Amino acid sequence: MPTTQPIALRGAPGSPYTRKMLAVLRYRRIPYRFLVGLWAGQEGLPRPKVDLLPTFYFDSDDGVEAVVDSTPIIRRLESEYLGRSTIPDDPALAFIDYLLEDYADEWLTKPMFHYRWWYPSDIAKAGEILPRWRDLTASADEIAPRADAVRNRQIGRLYVVGSNEVTAEVIEASYRRFLAALDAHIGNGAFLFGARPAAADFGLFGQLTQLATFDPTPAEITASSAPRVLAWVQTVDDLSGLEPSEADWVARDELPETLTSLLAEVGRTYVPVMLANARAIDAGADEVEAEVDGEPWAQRPFPYQAKCLQWVRQEYVRLDGADRQFVDRLLAGTGCEALF
C-alpha cells in the first residue's frame, strides 16, 4: 500500500514523459512532490539504473527505489492507488489503449525531437530555455556556453529518433496527418475512449506539450491546422476537476470510425519502423531500413524499441479468444495487424 507521503519525482518541463506523468498524477489526485531545476538533486535520493526523466522515488523494503519508464509506472500506480483509473475496463480497449500509448511514446517522440533540433528558431529557443530550468539566476553570459553545449549534444543525437535528411519529410508529414486524425477524433468525444482519459491520452498529451505549445515550428502548425488539438492539450494538463464514472468508457461496439483512422496512422508509420528495428536487432545489423508511406526510412537500431514491440505482443497474447477476435477485426486493414 502507498504511504500517505507525496510521491517524489524528478523531471523537467521540456520532458514530454515528465509532463505525461504529472498530468496522470493530477487527474488521479495522487499527492506528489515535483523536483525540477533548482530543487532537483538536493534530496539525497538514489540514482536509477538508467538516468531518464521522469524518475519516480517509491518506498521499498530497502528504503527508496528510483524507477523510470512511464508505461509501467502508470500500471504500478493503478495497483497502488484506487479510483480514477486510466485503464479501460474492457480488455480489448485496454489493449488498444496500450498500443496507442506506445505509439505516442515511441513514434511521436520522433517529430518532437526532430522539430526541436532541426529548425533554427526551434534550436535557438530550446537552447536558451532548457539550461535555465536548472539555474534561474544565471546571467546571459553564464547561460551562453551551457546553451551551446545543449544544442550541440542534442543535434548530435538526432540519429536516436531517426531524424535525418532522408526521413525529415516523412516525420513532418506524419505529424500533420496525426494532428488531423486526432482533431477529428476529439470531435466525437473529449478523449480516445469516451468521456474519461486513458493512459494513451496522457501519452499523446505528453508529446504534444512540446509540439503544440513549446517548439515554434510545430506549435504554429498545430495552432493553424488543428486548433482543437491545442485546446485539448491545454485542457488535459490538469483534469483533477473531472468526475469520471465507469459509464464514461465508450462501449466497444460504439467506437467511432475516427479511432480506426488514428490506428491507420499508427499502422502507416510506427508499425513498419518497429518491425524493421526488431529485424535489425535480431540480425545484429548496423542500420534499420524500412519503407514508411512509400518513402525510405533509415536509422540506427534502437534496442529499447525492440523490447517495446515484445511488450505490445505480450499484451496481445494475454487477450482471450473473444477479445482478441474483436481487436483483430478493429485492426484489420489499418496496418497494425502486421505487428501480430
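Asp69 sits in the loop between β4 (63–67) and α2 (70–80), where helices (H or I, at least four residues) and strands (E, at least two) are DSSP runs numbered from the N terminus. Asp69 is not a glycine, yet it has a positive phi of about 90°. At 23% relative accessibility, Asp69 counts as partly exposed; buried means under 20% relative accessible area, exposed over 50%, and partly exposed in between (1.4 Å probe, protein chains only).

A word on the ground rules: this is a predicted model, in which local features need pLDDT of at least 70 and side-chain atom pairs count only at pLDDT 80 or more, while totals for chains, interfaces and linings use all residues. Residues are numbered from 1 along each chain as its sequence is written, and side-chain values use heavy atoms, with hydrogens and water left out.

**Other backbone features**

Asp293 also has a positive phi, near 55°, in a residue other than glycine. Asp293 belongs to the loop between β5 (288–292) and β6 (295–299), and it is partly exposed with a relative accessible area of 40%. The peptide bond from Leu53 to Pro54 is cis, with omega near 0°, and Pro54 is found in the loop between β2 and β3 (55–60).

**The chain as a whole**

The protein chain has 14 helices and six strands. Its C-alpha atoms fill a box of roughly 60 × 50 × 45 Å along the principal axes. The radius of gyration is 20 Å, which agrees with the value near 20 Å of a compact globule of 340 residues; this radius is taken over C-alpha atoms, and the globule rule is 2.2 Å times the number of residues to the power 0.38. Of the 340 residues, 51% count as buried. Among contacts with a separation of 6 or more, 74% come from residues 24 or more positions apart, contact meaning heavy atoms within 4.5 Å.

**Salt bridges**

Side chains of opposite charge can pair when their charged atoms come close. Here a salt bridge is a side-chain nitrogen of Lys or Arg within 4 Å of a carboxyl oxygen of Asp or Glu, and the count comes to 25 salt bridges. Three of them are listed here.

| Pair | N to O distance |
|---|---|
| Arg19 and Asp237 | 3.6 Å |
| Lys20 and Glu101 | 2.7 Å |
| Arg29 and Glu243 | 2.7 Å |

The pair Arg19 and Asp237 links helix α1 (residues 16–28) to the loop between α10 (227–236) and α11 (257–268), 218 residues apart. Arg19 is partly exposed at 22%, and Asp237 is partly exposed at 24%.

Lys20 in helix α1 and Glu101 in helix α3 (residues 91–106) are 81 residues apart. Lys20 is buried, with a relative accessible area of 1%, and Glu101 is buried at 0%.

Where does Arg29 lie in the chain? Arg29 is in the loop between α1 and β2 (32–35), 214 residues from Glu243, which is in the loop between α10 and α11. Arg29 counts as partly exposed at 43%, whereas Glu243 counts as exposed at 56%.

**Helix packing**

α3 and helix α8 (residues 199–211) pack at an angle of about 10°, with their axes 8 Å apart. Axes are lines fitted to C-alpha atoms, for helices over the stretch in contact, and angles run from 0 to 180 degrees between N-to-C directions. α3 is therefore roughly parallel to α8, as angles under 35 degrees count as roughly parallel. Asp97, Glu101 and Asp105 are among the α3 residues that meet α8, where the partners include Ala199, Gly203 and Leu204.

Methods
Angles under 35 degrees count as roughly parallel, over 145 as roughly antiparallel, 65 to 115 as roughly perpendicular and the rest as oblique.
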